[in-house]
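Q: I have a model open and want to go through it piece by piece. Can we start with one of the helices?

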Amino acid sequence: MKALAYEKAHTLDAFDLDLVDVEEPRLREGDLLVEVRAVGINPGETLIRRTRSAAPGGRVVLGWEFAGIVVAVGPAVTGFRVGDRVLGTGDTTRDGCWAERVAVDHRVVAVLPDEVGFADAASVPIGVLTAWEALFRDQDELPAGIDRVLVVGGAGGVGSMATQLLKARTSAFVVGTASRPESRNWVAAQGADLVVDHSGDVAAQLRDTGVGSIDMVFSTSGTSGHLGWIIEVLRPFGHLATIDLSGPVDIGAFTGKSLSLHTEMVFSRITVGGDAESQAAVLARTAEDLAAGRLRPIVTTSLQGLTVETMRRAHTIAETGRTIGKTVITL
Ligand SMILES: NC(=O)c1ccc[n+]([C@@H]2O[C@H](COP(=O)([O-])OP(=O)(O)OC[C@H]3O[C@@H](n4cnc5c(N)ncnc54)[C@H](OP(=O)(O)O)[C@@H]3O)[C@@H](O)[C@H]2O)c1
């Protein structure tokens with residue numbers, strides 16, 4: 001089958017993915033073999049392209065967000081049949097879905113109702129799972145006492161789904177951040193009650209609009225640079241949930257207000273252990289919510305065909321750090 005693959009880690013300028021013939025994926029007992037119809041593109045995949053090389057003689061196939069059709073079912077799988085339309089993620093330690101077919105653990109896949117198109121479906125799995133686990137942790141709702149949530153990077157793939165989830169499933173007042181007119185409009189369209197500019201003084205903007213302190217900040221972008229105001233706007237015993245924190249962090253700054261810090265990595269359950277089935281359950285609810293219109297797809301750039309050129313364009317958009325919604329490639 002055909003797949004987009006590369007051998008050595010490389011920069012965008014030296015973009016080196018090729019459409020090559022690779023062996024058919026080998027199914028593990030709990031796997032589905034899925035014919036890929038659409039893939040969502042994530043900044044994390046561009047990071048892996050820049051930093052991960054294949055073992056000698058091998059190649060890397062990226063891509064862990066897809067929608068497609070089940071063409072084979074492993075012997076230990078229940079709940080899926082050949083012909084099912086599905087959406088899912090994957091496992092970053094295995095070959096991904098930028099290929100005609102992908103072998104994927106059924107615990108990170110859910111059946112997709114006929115009403116939802118493949119491209120629309122491929123725009124949501126990573127955003128919704130990341131947001132769900134960061135906001136709700138092991139529950140299906142916000143922890144008690146969280147009524148005001150601020151989403152940093154509200155126009156991105158994760159921030160968009162976080163805002164939609166909060167408005168669809170909770171009664172929280174949601175503040176989103178965006179720094180440009182087009183991203184501000186997008187955040188408002190996702191349902192945010194208030195939009196503030198993360199390139200300005202966020203604490204002052206919250207004061208000026210009469211919003212008191214924040215119970216939970218969900219920070220998806222530029223978190224290290226925002227920690228000062230995040231700590232300022234959080235109430236005592238408030239929560240910071242984040243997915244992109246890197247570099248040294250002064251934990252002492254959190255203790256004055258007894259703040260909690262939660263980190264989230266959406267692939268942890270499948271790569272290092274945990275309740276991976278819970279991700280299939282969240283995806284199944286998401287598929288129902290998409291079909292019922294309670295959640296909306298977030299495709300903003302739609303590219304046709306799994307080719308070097310469409311993928312180069314998708315990586316170029318992702319590496320701007322300015323994506324609104326999501327780029328999707330349809331096969
Ligand atoms: N840990 C996990 O499980 C996980 C899962 C998914 C993604 N991630 C990571 O989380 C980050 C966000 O992912 P994504 O897919 O949502 O990214 P994205 O779609 O590329 O996010 C783009 C948005 O980020 C905003 N942004 C850019 N710089 C910012 C800054 N300094 N402060 C606040 N907002 C900023 C932009 O808004 P403006 O243009 O309005 O400034 C833009 O709309 C990435 O680093 C990604 O790798 C982690």
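Q: Which residues of helix H5 are buried?
A: This is a predicted model. In helix H5, which runs over residues 181-189, Ser 183, Trp 186 and Val 187 are buried.

Q: Where do they sit around the axis of H5?
A: They span an arc of only 100° around the axis, so they lie on the same side of H5.

Q: Why would that spacing work in a helix?
A: An α-helix has 3.6 residues a turn, so residues three or four places apart point the same way.

Q: And what is on the other side of H5?
A: Pro 181 and Glu 182, which are exposed there.

Q: What covers the buried residues of H5?
A: The cover includes H4, strand E9 (173-177) and strand E10 (194-196). Just after H5, Gly 191 has a positive phi of about 115°.

Q: Switching to the ligand. How many residues surround it?
A: The shell has 32 residues, and the closest are Ala 155, Gly 156, Gly 157, Ser 183 and Gly 222. Ser 183 is also one of the buried residues of H5.

Q: Which elements give two or more residues to that shell?
A: Helix H1 (43-51), helix H3 (125-136) and helix H4 (157-169). H4 provides the largest share, three residues.

Q: How does the shell divide by class?
A: Eleven of its residues are nonpolar, 17 are polar and four are charged.

Q: Which domains does the shell draw on?
A: At least three residues come from each of domain 1 and domain 2. The domain assignment gives domain 1 as 2-123 + 268-330, and domain 2 as 127-263.

Q: What separates the two domain centres?
A: Taken over C-alpha atoms, the centres of domain 1 and domain 2 are 27 Å apart.

Q: How many residues are in contact between them?
A: 14 residues of domain 1 are in contact with 14 residues of domain 2. On the side of domain 1 that touches domain 2, helix H10 (residues 277-292) gives the most, four residues. That side of domain 1 is made up of four nonpolar, six polar and four charged residues.

Q: What does UniProt list for this chain?
A: Its unreviewed entry lists residues 10-329 as "domain: Enoyl reductase (ER)". Over residues 10-329 the chain is 32% helix and 24% strand, with the end C-alpha atoms 21 Å apart.

Q: Now the loops. Where is Lys 257?
A: Lys 257 is in the loop between helix H8 (252-255) and strand E13 (260-263). With 15 other C-beta atoms within 10 Å, Lys 257 is partly exposed.

Q: What does Lys 257 touch?
A: Leaving out residues up to four places away in sequence, Lys 257 touches Ile 231, Leu 234, Pro 236 and Gly 238. Lys 257 and Arg 235 are 22 residues apart in sequence, and their C-alpha atoms are 7.4 Å apart in space.

Q: And Ser 258, buried or exposed?
A: Ser 258 is exposed, because 9 other C-beta atoms lie within 10 Å and the cut-off for exposed is 12 or fewer. Ser 258 also lies in the loop between H8 and E13. Its phi is positive, about 55°, although Ser 258 is not a glycine.

Q: Last one: what is the phi of Arg 137?
A: Near 50°, a positive value in a residue other than glycine. Arg 137 lies in the loop between H3 and strand E8 (148-152). Arg 137 is partly exposed, with 15 other C-beta atoms within 10 Å.

Methods:
Residues are numbered from 1 along each chain as its sequence is written. This is a predicted model: local features need pLDDT of at least 70, side-chain atom pairs count only at pLDDT 80 or more; totals for chains, interfaces and linings use all residues. A residue is near a molecule or strand if its C-beta atom, placed from the backbone, lies within 6 Å of it. Ala, Val, Leu, Ile, Met, Phe, Trp, Tyr, Cys and Pro count as nonpolar, Asp, Glu, Lys and Arg as charged, and the others, Gly among them, as polar. Domain bounds come from an automatic or database domain assignment. A residue is buried if 20 or more other C-beta atoms lie within 10 Å of its own, exposed if 12 or fewer, and partly exposed in between; C-beta atoms are placed from the backbone. The arc is that of the directions from the helix axis to the C-beta atoms. Two residues are in contact if their C-beta atoms, placed from the backbone, lie within 7 Å. UniProt positions are given in the numbering used here, feature names are shortened, and annotations may be inferred rather than shown by experiment.
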